[in-house]
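These are my notebook entries on a single structure. I set down what I looked up, entry by entry.

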Amino acid sequence: MAMALISASGAATPLQVLLFALLLAASAAALPAMDRARWQVDRVNRRGPSLGLVMSYVDEATALQASGYFTPWRVLPFVDLYGRRFHIGNIRGVNVIYALTGQRRLNAAVTVQTLIDVFSVSGIVHYGTAGSSNDSMSFGDVSVPKLVAYTGAWTWKKFRSPKESSAELSFGEYNIPNGGENLLGSLKFRNEELYSVGKPMEEVFWLPVDSAWFKVAEQLKVKLERCNDTFCLPTTPQVVYGLKGSSADMFLDNAEYRKFLFREFGVSTVDEESAAVVMTTTSPGIPVIVFRGVSDLAGGEPTWSSTSLMNLASINALKVAVEFIGTVGKQKSIESVQKSNN
């Protein structure tokens, strides 16, 4: 029977592959839950390093699932860990493990930390949607920021405290009909404490993405989508490089705070997770890059709703991320060949 399953060339037949996968599944099913997870992770890591791909909203994951870019690994298409599903497969021939993080920075950090601690991951690619706080960016555009910051950490100061820096949010300045005092006082923005391998803790406000990966991204040529099933934009969206992004544990839908972030910090996009993703990967020194598609104007849009454009923003951010993954994978293959020839 076993001899009949082997092809004349000695290569595994489709039936062999199927039987092997069934045998692996049966072996894993007999193990206790945690032991089974360890066995699955070990099996995934033996296929070699992967790129981690993370997104935060269900709509962003749906865009990937519907795109056909991702091919699940037949041997073990996913691993469930700590309530999250890590999908195993490839994009354009590059090993990829993708996961939906959930919203806001704690969910994002936990998911990314799990990826880099448990799996053999050579870098993290983060894509998703964002609000635009920069009037030069509009719906469907994709930002590839060079710097991101967490703008949700504040010292809430006492009423009538003296101003310590220019980048303070004074509530009195936004009184209607006139500016003046406000019992809420003002907010002073705080730095983050960054712990990195081989370095003392440092306080930082801006977090850079990986410089080498950013240079690769700058060379990408991607044509973005202008239309979805319900709406077409008047012009084709663009990929914009080198701007600044910010994250906070809130959904921004306020025109004045949008203006404040752009005026004081030069922030062009706002979201809830990018800073957490970049900070979590910066600590161990793992490459990271961010792609954010503009789905709304963070409170600065006209009266008509922009919700119908969220999937278009997801699709465009995904297109750029996929092009980047394919390019980085090709470069790694060339480097491996060159090393083997030396």
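I count a residue as buried under 20% relative accessible area, as exposed over 50%, and as partly exposed in between (1.4 Å probe, protein chains only). The model is predicted, and local features need pLDDT of at least 70, side-chain atom pairs count only at pLDDT 80 or more, and totals for chains, interfaces and linings use all residues. Residues are numbered from 1 along each chain as its sequence is written, and side-chain values use heavy atoms, with hydrogens and water left out.

**Entry 1: salt bridges**

I searched for salt bridges, defined as a side-chain nitrogen of Lys or Arg within 4 Å of a carboxyl oxygen of Asp or Glu. This rule gives a count of 17. For secondary structure I used DSSP runs, with helices (H or I) of at least four residues and strands (E) of at least two, numbered from the N terminus.

I looked up arginine 105 and found its side chain in a salt bridge with that of aspartate 249, at 3.9 Å from N to O. The two partners are 144 residues apart, with arginine 105 in helix H4 and aspartate 249 in the loop between strand S16 (244–247) and helix H6 (255–265). Arginine 105 is partly exposed at 29% relative accessible area, and aspartate 249 is partly exposed at 37%.

I then took lysine 319 and glutamate 225, whose side chains form a salt bridge at 3.1 Å, N to O. Lysine 319 belongs to helix H8 (residues 310–341) and glutamate 225 to the loop between helix H5 (211–218) and strand S15 (239–241), so the pair ties together parts 94 residues apart in sequence. Lysine 319 counts as buried at 18% relative accessibility, whereas glutamate 225 is partly exposed at 34% relative accessible area. Next I noted a network in which salt bridges with shared partners join Lys157, Glu164, Glu168 and Lys188.

Lysine 188 is in strand S11 and glutamate 164 in the loop between S9 and S10, 24 residues apart. I found lysine 188 partly exposed, at 29% relative accessibility, and glutamate 164 exposed, with a relative accessible area of 52%.

**Entry 2: the sheet of S9, S10 and S11**

In which order do the three strands of this open sheet lie? I read the order as S9-S11-S10, with antiparallel pairing; two strands pair if DSSP finds at least two bridges between them. S9 and S10 each have a single partner strand and stand at the edges, so one side of each lacks a neighbour in the sheet. Neighbouring strands are turned by 20° against each other on average, direction ignored, where axes are lines fitted to C-alpha atoms, for helices over the stretch in contact, and angles run from 0 to 180 degrees between N-to-C directions.

S10 and S11 are joined by three bridges. Glutamate 168 has lysine 188 in S11 as its bridge partner.

**Entry 3: backbone torsions**

Most residues other than glycine have a negative phi, and most peptide bonds are trans. Arginine 160 lies in the loop between strand S9 (154–156) and S10 and is exposed, at 60% relative accessible area. Arginine 104 also has a positive phi, near 75°; its place is the loop between strand S5 (94–100) and helix H4 (105–118), and it is partly exposed at 38% relative accessibility.

I recorded a cis peptide bond from isoleucine 176 to proline 177, with omega near 10°. Proline 177 is in the loop between strand S10 (168–170) and strand S11 (186–189).

**Entry 4: the disulfide**

Searching the whole structure for cysteine sulfur atoms within 2.5 Å, I found one disulfide. It joins cysteine 227 to cysteine 232, with S to S at 1.9 Å. The torsion about this S-S bond is about 115°, so the disulfide is right-handed. Cysteine 227 is partly exposed at 30% relative accessibility, and cysteine 232 is partly exposed at 41% relative accessible area.

**Entry 5: helix burial**

I found eight of the nine residues of helix H7 (residues 274–282) buried. Among them are Val277, Val278 and Met279.
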